[in-house]
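Subject: Structure handover

Hello,

Here is the structure you asked about. My notes on what was found follow below it.

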Amino acid sequence: MMAILTPAQGPAWRRFAPLLFIAAMAILPFVLPGRFWLHIFSLTMIYAIFVLGQNVITGWAGMLTLGQAAFAGTGAYVSVILTMQFGVPWLLAFLIAGGASAGAGALLALPCLRVKSDFLSLVTIAFNQIFFVVANNWMDVTRGPMGIPAVPAMNVLGWRADRPAEQFWLILGVCVILYAMISRLMRGQLGRTLKMVRDDEVAAGALGVNVTGAKVLAFAIGCGLCGLGGSIYGHYMRFISPDMFKLEESLIIMQMAILGGLASAPGAALGAFLMIMIPEALRSSEPWLITIRPGVAGATLVLLMILRPHGLLGMGEMPRSIQRLIDRAMGRERDMR
């Protein structure tokens, strides 16, 4: 595990920094006052999984998708229904939820990849809306807007995570595993292939890369991550409803990915941390500050696009599709080819 979490080269402190960070996170339940901030940190880690999925599709593969909340909702509903109606253990339901969202993502990607990235974003927006309408009206399965209450807690091989600290540690463990896996994949052959496809599809195809297969695989991985996160989200909140997976949630996930930095696994965690922690810090200080939270988030993103368009920890060139949308929003005159 240490070999996966640490870079092969660099100063000595960098090799141990991830382990020190994980150790510092693990002791938070002992040092944080009350349950509120522990809940906020748990939510941050869940959203970091969503953002990691977004980053695989948008950051490394260069495809603009704005429907990740729907894939998170797919995983959440699959996991909750399997555990509550069929008695499936949570760990198995968790894996099935990830597989279901990955399969849904791959099926959606196949026809959608025929259109350009700008139109792909519209297709994924439509998918998110369709998911919301179906979840809101399929009363026999989802209970519609009433949602599904009394969702059982996460349970791993007989160990039931009931207390907030236990839930926090379990979510932290899943985050570390998924982060290590994606970091390893993106530093390897798959990551290099996706970057090649992102930067120049024609050149990648000429070099023998299966462009369509690479894109579908990226879509499946990214959506699968959201499905895994959705399973955790549903069983952590102990309740799910269609409102938890609306289009607004997809936009927030995208904002987190851009803020932290596209094509950056640490950026996914940082973006989720800032987008959740700053509003909650404002909430806990002065009640009137709650009203300016959306404005603060929007102003932060505008400043970031001007001063650091690759995000705080973005390491690579921003995908052209994202750059084009930013240019249009900022009114810049650029070569759109």
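A crossing of two helices is called left-handed if the near helix is turned anticlockwise from the far one by less than a right angle, and right-handed if clockwise. By that rule the crossing of α6 and α12 is right-handed. Helix α6 covers residues 90–112 and helix α12 residues 211–237; they pack at about 145 degrees with axes 7 Å apart (axes are lines fitted to C-alpha atoms over the stretch in contact, and angles run from 0 to 180 degrees between N-to-C directions). The contact (heavy atoms within 4.5 Å) includes Trp 90, Phe 94 and Gly 98 of α6 and Phe 219, Cys 223 and His 235 of α12.

This is a predicted model: local features need pLDDT of at least 70, side-chain atom pairs count only at pLDDT 80 or more, and totals for chains, interfaces and linings use all residues. Residues are numbered from 1 along each chain as its sequence is written, and side-chain values use heavy atoms, without hydrogens and water.

The protein chain has 16 helices and 2 strands (DSSP runs, H or I of at least four residues for helices and E of at least two for strands, numbered from the N terminus). Of its 337 residues, 51% are buried, meaning under 20% relative accessible area with a 1.4 Å probe, protein chains only.

Helix α4, residues 36–60, bends by about 30 degrees at Gln 54 (the angle between axes fitted to the seven residues ending there and the seven starting there). In α4, 22 of the 25 residues are buried, so the helix is largely enclosed by the rest of the structure. Gly 62, which follows α4, has a positive phi near 75 degrees.

Regards

Methods. The expected span of a helix is 1.5 Å times one less than its number of residues. Buried means under 20% relative accessible area, exposed over 50%, partly exposed in between (1.4 Å probe, protein chains only).
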